[in-house]
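Please read them with the coordinates open.

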Amino acid sequence: SYVDNWIMWLPTVKGFFSPRNVKKVHSRGIEAKLNYKKQITPNWQIAISGNYSYTKSVNKGEKMSVADKSQGKQLPYIPLHAANLYTEVSWRNWQLTFRWNGYSERYTMSSNASTYTGSLKAYGVENVALQTLLPLSHVDVKVKLSVNNLFDKEYHSILSRPMPGRNYEFAIWLKIL
């Protein structure tokens with residue numbers, strides 16, 4: 001797609017960032033998705049799904065200043081490669097799930113500088129969860145326990161904002177019948 005007047009935060013000569021309309025952005029790519037589901041026995045089921053995307057989003061606008069090095073570069077915070085994998089094993093009312101999300105290096109500067117403040121390292125994060133449905137007489141109760149960032153990786157989604165290490169989530173849903 002070709003986009004006119006894409007808004008980007010660009011550095012100014014005064015040292016701060018300001019939103020500016022970049023005259024043109026050319027965004028193109030490819031996405032692929034795979035789904036597989038198999039009923040192994042009446043009580044057992046397995047499901048696997050995955051996504052991959054390649055996204056090239058480039059600033060095609062005119063230079064905003066002499067210092068502007070963004071022309072022809074990938075837009076900030078948009079990864080070139082992104083992927084995820086989701087697997088689920090079900091037995092009766094129980095589900096065990098595993099999810100992996102991965103992203104390639106992302107630039108934080110419109111110049112695509114790979115300095116400490118100019119890019120975010122590629123990363124992949126794994127989550128695992130166990131949940132069950134408890135059908136009662138007038139209410140269904142779903143209980144879920146998740147372990148997020150299973151391998152306690154250090155990563156950043158946004159510059160200077162570290163994401164949490166391994167963390168746990170417990171949830172209960174009630175559905176009144």
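1. This is a predicted model.

2. The structure holds one salt bridge. Its partners are glutamate 126 and lysine 153, whose closest N and O atoms are 3.2 Å apart. The pair links distant parts of the chain, 27 residues apart: glutamate 126 belongs to strand β8, and lysine 153 to the loop between β9 (139–148) and β10 (156–158). Side chains of opposite charge can pair when their charged atoms come close.

3. Are the two partners buried or exposed? Glutamate 126 has a relative accessible area of 8% and is buried, because buried means under 20%. Lysine 153 has 32% relative accessibility and counts as partly exposed.

4. A nonpolar patch lies on the surface, formed by Ile40, Trp44, Val89, Trp91, Trp94, Leu96 and Leu130. Together these residues have about 660 Å² of accessible area. Which elements give two or more residues to the nonpolar patch? They are β4 and β5. β4 covers residues 81–91, and β5 covers 94–103.

5. Tryptophan 94, one of the patch residues, lies in strand β5. Its relative accessibility is 39%, and tryptophan 94 therefore counts as partly exposed.

6. Leucine 134 is found in strand β8, which spans residues 123–135. With 38% relative accessibility, leucine 134 is partly exposed. Setting aside neighbours within four places in sequence, leucine 134 is in contact with Val139, Asp140, Val141 and Val143.

7. Leucine 134 can also be set against leucine 159, which is 25 residues apart from it along the chain. The C-alpha atoms of leucine 134 and leucine 159 are separated by 42 Å.

8. Tyrosine 77 is not a glycine, yet has a positive phi of about 65°. Where is tyrosine 77 placed? It sits in the loop between β3 (44–59) and β4 (81–91). The relative accessible area of tyrosine 77 is 33%, so this residue is partly exposed.

9. Arginine 92 also has a positive phi, of about 55°, although it is not a glycine. Its place is in the loop between β4 and β5 (94–103). Arginine 92 has a relative accessible area of 54% and is exposed, because exposed means over 50%.

Notes. Residues are numbered from 1 along each chain as its sequence is written. This is a predicted model: local features need pLDDT of at least 70, side-chain atom pairs count only at pLDDT 80 or more; totals for chains, interfaces and linings use all residues. Side-chain values use heavy atoms; hydrogens and water are left out. Helices (H or I, at least four residues) and strands (E, at least two) are DSSP runs, numbered from the N terminus. Buried means under 20% relative accessible area, exposed over 50%, partly exposed in between (1.4 Å probe, protein chains only). Contact means heavy atoms within 4.5 Å. A salt bridge is a side-chain nitrogen of Lys or Arg within 4 Å of a carboxyl oxygen of Asp or Glu. Patches are made of residues with over 30% relative accessible area and no salt bridge: like charges are joined within 9 Å, nonpolar side chains (Val, Leu, Ile, Met, Phe, Trp, Tyr) within 5 Å. Accessible areas come from the Shrake-Rupley method with a 1.4 Å probe; for residues, only the protein chains shown count as cover.
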